[in-house]
There are 4 protein chains.
Amino acid sequence: MGMVGGGRGAFIGQVHRMAANLDGKIELVAGAFSADPEKSRLSGEDFFLDPSRVYSSYQEMARAEAALPPEKRIDFVSIVVRNNLHFEVAKTFLEAGIHVICDKPVTFNLEQALQLRSIVTRTGLVFALTHNYTGYPMVKEARRMVRAGELGRLLKIVAEYPQGYAVGDVEGDGQGQIANWRSDPSVSGVSNCIGDIGTHAHNLIRYICGVEIESLCAELTAFIPGRQLDDDGNILVRFRGGAKGLIYASQISNGDENALSIRAYGTKASIEWHQEDPNDLLVKYANAPRRVYRRGNDYLGPEAKANSRTPFAHPEGFIEAFANIYVAAAGAIADRIEGRPAPAEGYDFPDIRDGIAGMAFIETAVRSSQSSDKWVPFPVV
Amino acid sequence: MGMVGGGRGAFIGQVHRMAANLDGKIELVAGAFSADPEKSRLSGEDFFLDPSRVYSSYQEMARAEAALPPEKRIDFVSIVVRNNLHFEVAKTFLEAGIHVICDKPVTFNLEQALQLRSIVTRTGLVFALTHNYTGYPMVKEARRMVRAGELGRLLKIVAEYPQGYAVGDVEGDGQGQIANWRSDPSVSGVSNCIGDIGTHAHNLIRYICGVEIESLCAELTAFIPGRQLDDDGNILVRFRGGAKGLIYASQISNGDENALSIRAYGTKASIEWHQEDPNDLLVKYANAPRRVYRRGNDYLGPEAKANSRTPFAHPEGFIEAFANIYVAAAGAIADRIEGRPAPAEGYDFPDIRDGIAGMAFIETAVRSSQSSDKWVPFPVV
Amino acid sequence: MGMVGGGRGAFIGQVHRMAANLDGKIELVAGAFSADPEKSRLSGEDFFLDPSRVYSSYQEMARAEAALPPEKRIDFVSIVVRNNLHFEVAKTFLEAGIHVICDKPVTFNLEQALQLRSIVTRTGLVFALTHNYTGYPMVKEARRMVRAGELGRLLKIVAEYPQGYAVGDVEGDGQGQIANWRSDPSVSGVSNCIGDIGTHAHNLIRYICGVEIESLCAELTAFIPGRQLDDDGNILVRFRGGAKGLIYASQISNGDENALSIRAYGTKASIEWHQEDPNDLLVKYANAPRRVYRRGNDYLGPEAKANSRTPFAHPEGFIEAFANIYVAAAGAIADRIEGRPAPAEGYDFPDIRDGIAGMAFIETAVRSSQSSDKWVPFPVV
Amino acid sequence: MGMVGGGRGAFIGQVHRMAANLDGKIELVAGAFSADPEKSRLSGEDFFLDPSRVYSSYQEMARAEAALPPEKRIDFVSIVVRNNLHFEVAKTFLEAGIHVICDKPVTFNLEQALQLRSIVTRTGLVFALTHNYTGYPMVKEARRMVRAGELGRLLKIVAEYPQGYAVGDVEGDGQGQIANWRSDPSVSGVSNCIGDIGTHAHNLIRYICGVEIESLCAELTAFIPGRQLDDDGNILVRFRGGAKGLIYASQISNGDENALSIRAYGTKASIEWHQEDPNDLLVKYANAPRRVYRRGNDYLGPEAKANSRTPFAHPEGFIEAFANIYVAAAGAIADRIEGRPAPAEGYDFPDIRDGIAGMAFIETAVRSSQSSDKWVPFPVV
C-alpha cells in the first residue's frame with residue numbers, strides 16, 4: 001500500500017500503519033507523507049521505504065505509481081490528510097486507477113461526497129472509509145443480533161460519544177486554547193465535535209441497527225470562548241420506521257476519555273456496548289437474566305469470530321478493530337485485482353455510502369441548530 | 001405518624017413505613033389506608049394499630065386526630081395516595097394543623113401546587129416531598145462538591161432514568177397492557193413517564209447542581225398503541241447560567257430496571273453517580289486519576305456521614321435513602337413542635353418548592369412536545 | 001424483643017435494632033444495654049423504653065422478664081455483647097425459657113458451643129445466630145442453584161474476606177494501634193481475623209454449597225507488631241466429596257473495605273457473588289454467555305423473592321439482609337409460641353449448628369497454623 | 001527475524017508474528033515452522049517468505065542463517081515450539097551466534113534452565129522470554145509505584161490465574177478429553193497448570209513487586225480422571241522480606257476465561273490489576289478515595305507512556321502487550337548489533353533469570369504438593 005499524509009508524529013497515520021501491519025499481509029511501500037518534501041523524505045526513512053517511492057506530493061505519487069507495472073505499483077492508497085483535502089486526494093488516486101482507503105469524515109462537505117460517489121461508481125474501484133469502531137467483533141455480534149430479529153422491533157436508540165480533551169482553557173484566557181485544526185472551519189468544515197466524533201456515533205447506529213434518520217433536532221454549542229465550531233452537541237432523533245432516540249457528542253465532558261457507547265432497545269431484548277470495554281456486549285431482557293457476550297467464544301456468530309485474532313479474554317482493542325477494516329477492504333481490493341466477484345452478502349467495511357450519510361448528518365445537525373431550533377428532515381441522498 | 005393510603009399490597013406505602021420504622025424513632029399510630037373502609041380496617045390490623053385510630057376516610061382521620069390532645073395526636077401524616085388526590089389530602093391535613101410528608105409528584109398540576117404553596121406558607125407547617133433519591137449519602141456528597149466549587153463552573157449535565165417495565169405488550173395486542181393507573185390521565189395528569197420518573201432526574205439535577213432550567217425542547221412519545229400518556233421522553237435543556245444538557249426518561253427501555261443516573265461536567269472536574277450502585281461516586285479529572293468516593297469513609301463531608309448508618313462497604317440502599325428524607329423531615333417537625341428555630345443552613349429535605357419545580361417541568365415538557373416542537377421557556381414560579 | 005449489650009455508640013447493637021425495626025413487626029421493649037447500669041439506663045431512654053424494663057444486668061433482666069406473664073414478657077432476646085460473654089448470656093436466657101438471637105461467633109470456644117448445643121436441645125427453644133450475609137436474597141438464589149444441580153458437581157470453591165481497617169499502625173510505633181477488643185485473646189478467643197470474618201466466609205460456603213471441610217492447611221499471621229492475634233489468614237481447604245478450595249480473610253489488606261466474596265465452580269456452571277455488590281449474582285458457563293441474575297426479578301426462585309422488600313434495582317443492602325435473619329428467626333419463634341410445627345423444609349436462618357461449625361473452623365485453622373504447618377483434619381462435631 | 005515452530009494453525013506462533021509485525025520495524029524473513037517439512041514449506045508461503053529461507057529443520061535453519069553475511073541473516077529467532085524442545089532449539093541458535101526470543105516456560109526443567117543460563121552468559125547474546133503480561137503499560141505503572149515506595153512496605157500479595165477451558169469432560173467419560181499436549185508429562189514437564197499459567201502469576205508478582213519467594217506450601221490437583229498433570233493449584237507463599245500471600249491457578253474454573261489478576265497490599269496503599277481489563281489500574285488507600293489510573297494519560301510514569309501506542313481509552317490489549325516485549329528485546333538486540341552499551345537502568349524484558357525463577361517455582365510447587373504437604377524452601381538459583 002501507499003500512504004498520503006501521516007508523516008512523523010501524526011497520530012492517525014501511525015494507527016493506519018499499525019492496522020495495516022498487524023496481520024503481516026499488507027506492506028507499506030510508497031508514500032507522500034507531508035506537504036513538506038523534506039518531512040516526507042524523513043518519514044519514508046522511518047518506515048524503511050525505498051527512497052524512490054517517497055514522493056514530494058500526492059499528485060506526483062499518483063502519477064508515478066500509476067505508471068509502474070501492475071505487479072510493482074501500490075494496490076491501494078491510505079489517505080490520512082486533513083478533512084479539507086480528502087476529496088482532492090481521493091479523486092486523484094481513483095482517477096489514476098488506484099483503490100482508496102480514506103480516513104473519515106469522507107470529505108469537506110456533502111456536495112463533495114456526492115461528487116466522490118460518482119467517481120467511485122464511474123471508476124469501479126474500492127473506496128473504504130475507516131469508521132473504525134464498526135471493526136470491533138462485538139459490534140458485529142450486535143449487528144448480527146439485530147438482523148436476526150433477536151431484539152424484536154427497535155423502539156429507542158441512544159448513542160453517545162463524550163470526550164473531555166478540549167475543555168482545557170474553557171475559562172477563556174485565550175492562552176491555552178488547543179491549537180487544533182479541528183476547530184478551524186476552513187479545515188474541518190461546518191462542524192468540529194459532531195463532524196469528528198458525532199459521526200462515529202451516527203455510523204455505529206446505522207451499522208448495528210440498520211436504520212436511517214428521518215428527522216432531527218439539534219443543539220450544538222461552542223463552550224470555549226472564541227472557538228468557531230461546536231465542541232458539544234445534543235440531538236433528538238426520529239428514525240425511519242418509528243424508533244426514536246438521542247445522539248450526543250462532546251469534547252468538553254471533562255474527564256471522559258473516549259466513551260463512545262450505544263444502547264438499542266427492542267421489543268424483545270436490548271443491547272448495550274461500550275467502546276472503552278469493547279470485548280463485552282451486554283444483552284438485557286424484560287424477564288430473564290442479563291447476558292454478557294464476550295469476544296472469542298464459540299457461541300458467537302461467524303462475523304464476530306472471523307474478526308477476532310486471539311482467544312477469549314486475551315483483550316483486543318482499538319488497533320485490532322481498525323485492522324479489521326483494513327482486512328475487509330484489502331479483501332475486496334484483492335477480489336477486484338484477481339477478478340473475483342463480490343460475495344453475495346456484500347463486503348463488510350464502511351464505504352462511500354457511509355461517507356455520504358455522515359456528511360448529511362453533519363450538515364443537517366448544523367442546519368437544525370443554527371436556523372430555527374426546529375426539527376429538520378434528513379435528506380435522502 | 002399517620003398514613004393516608006398505602007393499605008395492603010401497596011408498594012409505596014410499604015416503603016414509606018419501612019423508611020419510617022428503620023431508626024426506631026417514628027411510630028405509625030393512625031391511618032386511613034384505603035377508600036374502602038374494610039380494607040383500611042384490615043390494613044390497620046396488619047400494622048398492629050389501635051382500631052379506634054384506623055379511619056374510613058382521610059377527612060374523618062384529619063378531624064379526629066386534630067381533636068386529640070397534642071401529646072396523643074399524630075405529629076404528621078404520610079400521604080401515599082394517587083397523584084390526583086395529593087392536593088386535597090394535603091390541604092385537609094395542613095388546615096387541620098398537621099404536618100405532612102407527601103409522595104411525589106406533589107399535585108395533579110402546577111396550579112394545585114401553587115395553591116398548596118399558599119396553604120403551606122399560611123399554616124407555617126412542615127411539608128416534605130419524598131424525592132427519595134436525594135436521600136442517598138453519595139448524592140449529598142456530590143452536592144457538597146458542587147457547592148464547594150470542586151467541579152469549577154458546570155458546563156454540561158446529563159440525567160437519565162430508563163426503565164423497561166412498561167414495554168410488555170408494546171406490539172399492541174391490547175391484552176397484556178399494564179393496567180396501570182399511571183397511564184390514565186384522569187389520575188396521573190398530563191404525563192406518565194416524565195411525571196413519574198423524569199421528575200426524579202430533574203430533581204436530582206436541581207439538588208446536586210443547584211441550577212434551574214431556562215428553556216427546554218422535548219420529544220415525548222407513547223410507544224404502546226392505545227396508551228394515552230407518554231412512556232418515553234427525551235429533552236434538550238438549557239440551564240440558567242449557561243450550562244446545557246439532557247434529561248431523559250423511559251419506561252420502554254427493555255431490560256433496564258431503575259437506572260437513574262447523573263453526570264455533571266465542570267471546568268475542573270466531573271461527577272457521575274448511578275442509583276443502581278448508590279454507594280459509589282465517581283469523580284473524573286482532565287489530567288489526574290479518576291477517584292471513586294465510597295460511602296462510609298472518613299474522607300467524606302459531614303452531610304454524607306450524617307446520612308449513613310453502617311460502615312463502608314456494608315451496602316446501604318433505597319430504603320435507607322428514603323429513611324433519610326423521613327429523618328430530616330421529622331427533625332424539622334420536631335423543631336416546630338418543640339419551638340426550636342430552623343438551623344441557619346436550612347433543612348435538607350425536598351419541600352413544596354421542589355414540588356412546584358417538578359410540576360413546572362412536567363407541564364413545560366408536555367407543552368414543548370405537543371405544540372410546535374420548539375424550545376419553550378421554563379416558567380418562573 | 002429484649003436486648004443484652006448494644007448500648008449507646010455500639011455499632012452492632014444498632015444494626016440489630018434497625019434489622020428488627022425494619023418491617024414494623026418486632027418491637028424492642030426491654031434491655032440490659034451495658035455492664036454500666038447508668039449507661040444502660042440512658043440507652044433505654046434513647047430507645048423510648050419503659051424505665052422499668054431497662055435492667056442493670058442481664059441476669060436481672062432474664063429473671064424479671066421470665067417472671068412476667070407470657071403476653072407481657074419479651075418473646076426473645078438479642079445478644080450483642082462481646083464474644084467471651086455470649087455463652088453465659090445465652091445460657092441464662094435459654095434456661096429462663098426465653099428464645100435467643102445471638103451475634104456471632106457463637107461462643108468463646110468450641111467446647112462452649114457444644115455445651116450450648118445441649119442447652120438448646122434440652123430447652124427446645126429457638127437459637128438463631130446472625131451470620132447475616134446468608135440473609136442476602138442473591139445468596140439464597142445461589143444456594144437454590146447449587147441445590148437444584150444447576151452447577152453440576154462442585155470442583156473448586158474460593159471464599160475471601162479482605163478488609164484493611166487494621167493496617168493503621170502496622171509500622172509499629174505502638175501509638176495508633178486500634179484499641180480493639182478483637183485483638184485481645186481474653187475477649188476474642190484464639191483468633192481475631194479468622195474468628196471475626198473468616199468464619200463469615202466459611203459460613204457462606206457451607207450455606208451456598210452445602211459442603212463441609214474435610215481437612216485444611218492454614219497460615220495465620222499477625223502483621224502488626226505486638227498484636228497477639230492474627231490479622232490475616234490464608235487457608236487451603238479440602239472439602240468432603242472432593243472439591244478443593246481456598247478461604248482467606250484479612251484485616252491488613254489496605255484499602256479493601258468489606259470485600260467478602262465467593263466463587264464456586266461446578267462441572268456445569270459457576271457462580272460468583274460479591275457482598276459489596278449484593279444485588280447481582282454472576283453465573284458463568286463453559287460455552288454460553290455469562291448471566292447476571294439481579295435481585296427483585298420474577299425469574300428468581302421463591303427464596304430470593306421472599307427475602308426481598310423492593311422491586312428490582314431499588315438496591316437493598318446490609319441492613320435488609322440482616323433483617324431477613326431476624327424475620328426468619330422471629331417466624332420460628334412465633335411458630336413455637338403459637339404451637340405451630342416447623343415447616344417440612346426447615347427454617348432458613350443460621351443456628352447452633354452453624355455456631356459449632358464456625359468454632360471448629362477457628363480452632364482447626366489455629367491448630368494447623370501453630371503446630372506443624374500441616375494439613376489438619378476437620379473435627380466431626 | 002526467523003521463527004521455529006508456529007506453522008499454520010498454531011495459536012502462539014501467530015501471536016508472536018502479530019506482535020513482531022505491529023510496529024513495522026521487524027520483518028519475518030526465515031523459518032522452520034514445523035517438524036513436517038511440507039507443512040513448514042506451506043507455512044512459509046502463507047507468510048510470503050522467500051522459499052530458500054524456509055527450512056525443513058531448525059538445525060538446518062541455524063546452520064544456513066549463520067552462514068549468511070551479517071546484513072542478510074536473521075537478527076534473532078523466535079522459538080514457539082513445545083516446552084520440551086525449547087532448550088535444544090535455543091542452544092542451537094545461541095551457539096550459532098543468533099539472538100533468541102523464546103516462548104515460556106523457558107525449558108523442560110530447572111536443570112536445563114541453569115544450563116541455558118551458562119550458554120547465554122558464555123555467548124553474550126540476548127535471550128528474551130515472552131512473559132507477555134509484563135508488557136502491559138499498567139503493569140509497568142504498578143511496578144513504578146512499588147519501586148517509588150508509593151505503596152509503603154508490602155504485606156500481602158495475591159495473584160491468581162483461573163481459566164475454565166479444561167473442565168470439558170471432567171466427569172470422565174474419556175471421550176472428550178482435551179487432546180492437549182499440555183497434559184502430557186513428556187512434553188510439558190512435571191506440571192501443566194502451574195507450569196503453563198501459574199508461572200505467569202508468579203512472574204507478575206516478581207515483576208511488579210520485586211520480591212522472591214522464601215518458601216511455599218502447595219496443593220496441586222488433577223480433577224479430570226486420567227489426567228496425568230495438575231489442572232489446578234493453590235499455593236500459600238512466604239516472600240523474602242516478610243510479605244505473605246497466595247498464588248493460584250486453575251484450568252477447571254468453569255466459565256473463567258483468562259482471569260489473571262494481582263493484588264498487592266502495602267502499608268501506605270494497595271494496587272489491583274486485572275488482565276481482562278488491562279488499561280486500568282486500581283489504587284486503594286486506607287482513608288482516601290480509590291484511584292483509577294488509566295492507560296494513555298499524561299499523569300502516568302515514563303514506562304507506561306513509552307509502552308503505549310494509542311491515546312487514552314482507545315483500548316490496547318494482549319497483542320500490544322506482547323509487542324512491547326518484542327520491542328524491548330529487539331532494542332537490546334539492536335544495541336548489541338550496533339555496539340551500543342546497555343542503558344544504565346537495564347533492559348525491560350523478561351530474560352533467562354525469569355526463566356530460572358519460573359522453573360524453580362514449578363519444581364518447588366510440585367515437590368511441596370507431592371512429598372509431604374509441607375512448607376518447602378524456595379531454592380536460591
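Guide: Gladly, beginning with chains C and D. Chain C can be laid on chain D with an RMSD of 0.0 Å by a turn of 180° and a shift of 0.0 Å along the axis, the copies being superposed by least squares on the C-alpha atoms of residues with pLDDT of at least 70 in both. This is a predicted model, in which local features need pLDDT of at least 70 and side-chain atom pairs count only at pLDDT 80 or more, while totals for chains, interfaces and linings use all residues. Residues are numbered from 1 along each chain as its sequence is written, with chains lettered from A and ligands numbered from 1 in the order in which they are written.

Visitor: Which residue of chain C comes closest to that rotation axis?

Guide: The distance is taken at the C-alpha, and it comes to 2.9 Å. The residue of chain C at that distance is K374(C).

Visitor: Which element gives the most to the side of chain C that touches chain D?

Guide: The contact takes 34 residues from chain C and 34 residues from chain D, where two residues are in contact if their C-beta atoms, placed from the backbone, lie within 7 Å. Elements giving two or more residues to this side of chain C include β6 (154-162), β8 (232-239) and β9 (244-250); strands are DSSP runs of E of at least two residues, and helices runs of H or I of at least four, numbered from the N terminus. With four residues, the top contributor is β9(C).

Visitor: How are α5(D) and α11(D) oriented to each other?

Guide: The axes of α5 (residues 110-123) and α11 (residues 352-371) of chain D come within 9 Å and cross at roughly 165°. Axes are lines fitted to C-alpha atoms, for helices over the stretch in contact, and angles run from 0 to 180 degrees between N-to-C directions. Angles under 35 degrees count as roughly parallel, over 145 as roughly antiparallel, 65 to 115 as roughly perpendicular and the rest as oblique. The crossing angle therefore makes α5(D) and α11(D) roughly antiparallel.

Visitor: And how do chains B and C relate, by what kind of axis?

Guide: A rotation of 180° with 0.0 Å of shift along its axis superposes chain C on chain B, at an RMSD of 0.0 Å. The two copies are thus related as by a two-fold rotation axis.
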